Amino acid sequence: MGKCAVQRHWLLPRFPHRLYYLVMNRIYNILIGLVACIAAGQAQTPVTLAESRVSALEYNRSLDLARMDVQYAEAAVKSARTAYLPKVDGSGSFMFLSDFGGVALPGFFLPTAESAEAAAAGNYSGTSDAYFPGYNLGMDDLKIYMAEVSLQQPVFAGGRLRTGNQMADRGAEIAREALSLTRAEVVHGTDRAFWGLVAIQEQVVVLQKYVEALDSLESQLAVHFELGLLPRSELLKVTVQRNEARLQLLEVKNMQKIAGMNLARLTGRPLDEPLTAVYDAPAESLSQFEIKNDFSARPELRILQKKSELARLEKLSVRGEYLP
């Protein structure tokens, strides 16, 4: 009887304080739940993996540059084909001199000499009866027209024409492989961002369940503590675990926002738009790409192979400069 009386005496004066603690804890949990509901009620934009890939392929600027490189290489191929065609060149000129003065020579009697030897020596003894009438060339304007047309047809240039076309073809192939490589890198980066967001979303769900379980456990232990069936230290342990779980949940939610911003950056969406990754099955990432063990079909290896062929053709082109 004395022990029971002592226990009642220990419970009665502390009961209002414990009841206040229990009520405030419930109010705190309700406020946290309301804040979580308000945060979850914000407009979330669901995105799928296929939509993310399409948006990333349309938005990425590296792909635009790679496409421009392909167009440039294809134009170089067309330009190299014109080396087999004849080259036509033409030029023309026109010269005009206005008020061009004429040339006039007056008439005169021809000089005479005593002998041929004297005439050859320039010794003239007088003037003969032969008269030169003179002349007058009158010209008002002088116009001169000139035109030139040339045609060149290459016959043999040391094999440089054929080599140049092959080099242009290899350049176009390298540009196409680079475009495929860039497209694969964009898709790979988008997949990593998407599945990273999915993983963080699952962590948020797990931590939310964990926090709910700790809240329920804390409520049950608080009742036991009020009845004097549990020491306060055990209740505080659960409270500390619950607070740590809530802190982890807050950190993971911040990571979810950052992961959503990363996916929005890759897909060209506004960074402040909250995204939610939606998927049907884990195998969705392999729906458009098939994993093969043949590594020779990788774009990186094909680019290296084309560059090796291009170096060999450049060597032949230099050698052709020394041929007829």
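Q: What percentage of the residues of the protein chain count as buried?
A: In this predicted model, 23% of the 324 residues of the protein chain count as buried. The chain has eight helices and eight strands, and it exposes about 22,700 Å², with carbon and sulfur atoms supplying 61% of that area.

Q: What makes Ser52 count as buried?
A: Start with the cut-off: a residue is buried when its relative accessible area is under 20%. Ser52 has 3% relative accessibility, so Ser52 counts as buried. Its place is in helix H3.

Q: Which residues does Ser52 touch, not counting residues up to four places away in sequence?
A: They are Val47, Thr190, Phe194, Leu263 and Thr267.

Q: What lies 2.9 Å from a polar atom of the side chain of Ser52?
A: That is the backbone oxygen of Thr48.

Q: Which residues make the contact of H3 with H7?
A: From H3 come Ser52, Ser55, Ala56 and Tyr59, and from H7 come Leu263, Arg265, Leu266 and Thr267. Sorted by kind, the residues of this contact are four nonpolar, three polar and one charged. Here Arg counts as charged, while Ala, Leu and Tyr count as nonpolar.

Q: How do you know that Gln201 is buried?
A: Set its value against the cut-off again. The relative accessible area of Gln201 is 11%, and buried means under 20%, so Gln201 is buried. Gln201 is found in helix H6, residues 160-226. Leaving aside neighbours within four places in sequence, Gln201 is in contact with Gln256, Leu275, Thr276 and Ala277.

Q: Why is Ala104 called exposed?
A: Exposed means over 50% relative accessible area, and Ala104 has 56%, so Ala104 is exposed. You can find Ala104 in strand E3, residues 103-105. Ala104 and Gly134 are 30 residues apart in sequence, and their C-alpha atoms are 7.8 Å apart in space.

Q: What makes Ile303 buried?
A: With a relative accessible area of 11%, Ile303 falls under the 20% cut-off, so Ile303 is buried. Ile303 lies in helix H8, residues 299-320. Not counting residues up to four places away in sequence, Ile303 touches Ile174, Glu177, Ala178 and Leu181. Ile303 and Ala178 are 125 residues apart in sequence, yet 7.3 Å apart in space from C-alpha to C-alpha.

Q: Why does Ser308 count as partly exposed?
A: Partly exposed covers the values between the buried cut-off of 20% and the exposed cut-off of 50%. Ser308 has 48% relative accessibility, so Ser308 counts as partly exposed. Ser308 lies in helix H8. Ser308 and Arg170 are 138 residues apart in sequence and 9.8 Å apart in space, C-alpha to C-alpha.

Q: What percentage of contacts between residues at least 6 apart in sequence join residues at least 24 apart?
A: In the protein chain, 83% of those contacts do.

Terms used. Residues are numbered from 1 along each chain as its sequence is written. This is a predicted model: local features need pLDDT of at least 70, side-chain atom pairs count only at pLDDT 80 or more; totals for chains, interfaces and linings use all residues. Side-chain values use heavy atoms; hydrogens and water are left out. Helices (H or I, at least four residues) and strands (E, at least two) are DSSP runs, numbered from the N terminus. Buried means under 20% relative accessible area, exposed over 50%, partly exposed in between (1.4 Å probe, protein chains only). Contact means heavy atoms within 4.5 Å. Accessible areas come from the Shrake-Rupley method with a 1.4 Å probe; for residues, only the protein chains shown count as cover. A polar contact is a pair of N or O atoms within 3.5 Å; within protein, one must be able to donate a hydrogen and the other to accept it, and residues adjacent in sequence count only if both atoms are side-chain atoms.
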